[in-house]
Amino acid sequence: MSKPYVRPMPADWWLRRGSYLLFMLRELSSVFVALYVLELLCVADRSRGGPAALETFFTALQSPGWILFHSVVLAFALLHTITWFNLTPQAIDVRLGEEKVPAVLVAGANYAAWIVVSVVLGWILLRH
Amino acid sequence: MAKSNEPIVWSLFSAGGVITAFLVPALILILGLAVPLGCVKLNYDYLARLLHYPLARLVLFVLVFLPLFHWAHRFRFTLVDLGLKKLAGPIAFLCYGSAIAGTVVAAVVLWQM
């Protein structure tokens with residue numbers, strides 16, 4: 001049996017169209033999110049040294065390098081959230097009786113829940 | 001039908017995508033930018049106490065372990081899409097292996113707190 005033909009693909013295919021580049025950036029977002037959750041694990045580890053150790057850690061984050069890194073993480077995290085919610089209506093078929101719930105409503109429900117979750121999270125973290 | 005790991009890794013990918021979408025933007029905005037830039041103040045006594053609640057540690061564990069598997073799944077296919085098709089096997093092994101290693105480290109760190 002002869003091997004099936006696989007069309008060769010140039011390594012820079014993802015630079016050739018805006019939508020391909022956006023796809024690649026979305027995939028790349030997972031790298032930055034993974035790095036950030038590992039940073040959160042470091043915060044948890046530092047908390048063994050008590051409040052003073054935590055304060056030292058967060059004071060160090062004031063340096064421009066950290067601010068830049070966190071700005072990049074935020075941009076990628078938002079890209080992930082937006083692309084994820086916008087794809088939800090395609091991944092889940094929500095129906096009310098026979099009627100398909102419009103995609104805008106399914107995505108909209110996600111955005112609304114996201115805002116509520118973010119506010120609650122902020123409230124928990126910043127309580128005094 | 002042949003048995004496959006696909007449903008497991010896909011479920012982890014999906015759960016990681018959901019938890020990342022809902023929690024990470026607020027976390028990075030508050031802890032990574034607003035606090036270091038002085039827009040809001042953290043109460044470090046409170047935060048240290050909060051992190052010692054078993055429930056908080058469980059949430060942290062889930063928040064670390066699922067996004068790691070989400071990364072592994074995405075990164076694996078991204079590398080293959082970039083033309084490393086011949087290395088697909090070792091890439092999958094390294095990606096999921098790293099996620100498993102990270103999960104073990106997270107479990108140990110959070111358990112010892």
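Which residues in α1(A) meet which residues in α3(A)?

Tutor: Happy to go through it with you. This is a predicted model, in which local features need pLDDT of at least 70 and side-chain atom pairs count only at pLDDT 80 or more, while totals for chains, interfaces and linings use all residues. Residues are numbered from 1 along each chain as its sequence is written, with chains lettered from A and ligands numbered from 1 in the order in which they are written.

On the α1(A) side you'll find Leu25(A), Arg26(A), Ser29(A), Phe32(A), Val33(A) and Tyr36(A), and they meet Val72(A), Val73(A), Phe76(A), Ala77(A), Leu79(A), His80(A) and Thr83(A) in α3(A). A contact here puts the C-beta atoms of two residues, placed from the backbone, within 7 Å. By class, this contact has nine nonpolar residues, three polar and one charged; Ala, Val, Leu, Ile, Met, Phe, Trp, Tyr, Cys and Pro count as nonpolar, Asp, Glu, Lys and Arg as charged, and the others, Gly among them, as polar.

Now the geometry. The axes of α1(A) and α3(A), the latter covering residues 64-91, lie 8 Å apart at an angle of about 125 degrees. Axes are lines fitted to C-alpha atoms, for helices over the stretch in contact, and angles run from 0 to 180 degrees between N-to-C directions. The two helices are therefore oblique to each other: under 35 degrees would count as roughly parallel, over 145 as roughly antiparallel and 65 to 115 as roughly perpendicular, with the rest oblique. Their crossing is left-handed, that is, the near helix is turned anticlockwise from the far one by less than a right angle, whereas clockwise would be right-handed.

Stepping back, chain A has four helices and two strands, arranged along the sequence as α-α-α-β-β-α. Both are DSSP runs numbered from the N terminus: helices are H or I of at least four residues, strands E of at least two. Chain A is more spread out than a compact globule, because its radius of gyration is 21 Å, well over the 14 Å that the globule rule gives for 128 residues. That radius is taken over C-alpha atoms, and the rule is 2.2 Å times the number of residues to the power 0.38. The C-alpha trace of chain A spans about 65 × 45 × 30 Å along its principal axes.

α1(A), residues 18-46, also meets chain B: its axis and that of α4(B) come within 10 Å and cross at roughly 20 degrees. That angle makes α1(A) roughly parallel to α4(B). Leu38(A), Leu41(A), Ala44(A) and Asp45(A) of α1(A) make this contact with Gly102(B), Ala106(B), Val109(B) and Leu110(B) of α4(B). Its residues comprise six nonpolar, one polar and one charged.

For the whole interface, 44 residues come from chain A and 43 residues from chain B. In chain B, α1 (6-34), α2 (44-52), α3 (54-81) and α4 (88-112) each supply at least two residues of the side touching chain A. α1(B) gives the most to that side, with 14 residues. The side of chain B that touches chain A holds 33 nonpolar, eight polar and two charged residues.

Chain B itself has four helices and zero strands. Its C-alpha atoms fill a box of roughly 55 × 30 × 20 Å along the principal axes.
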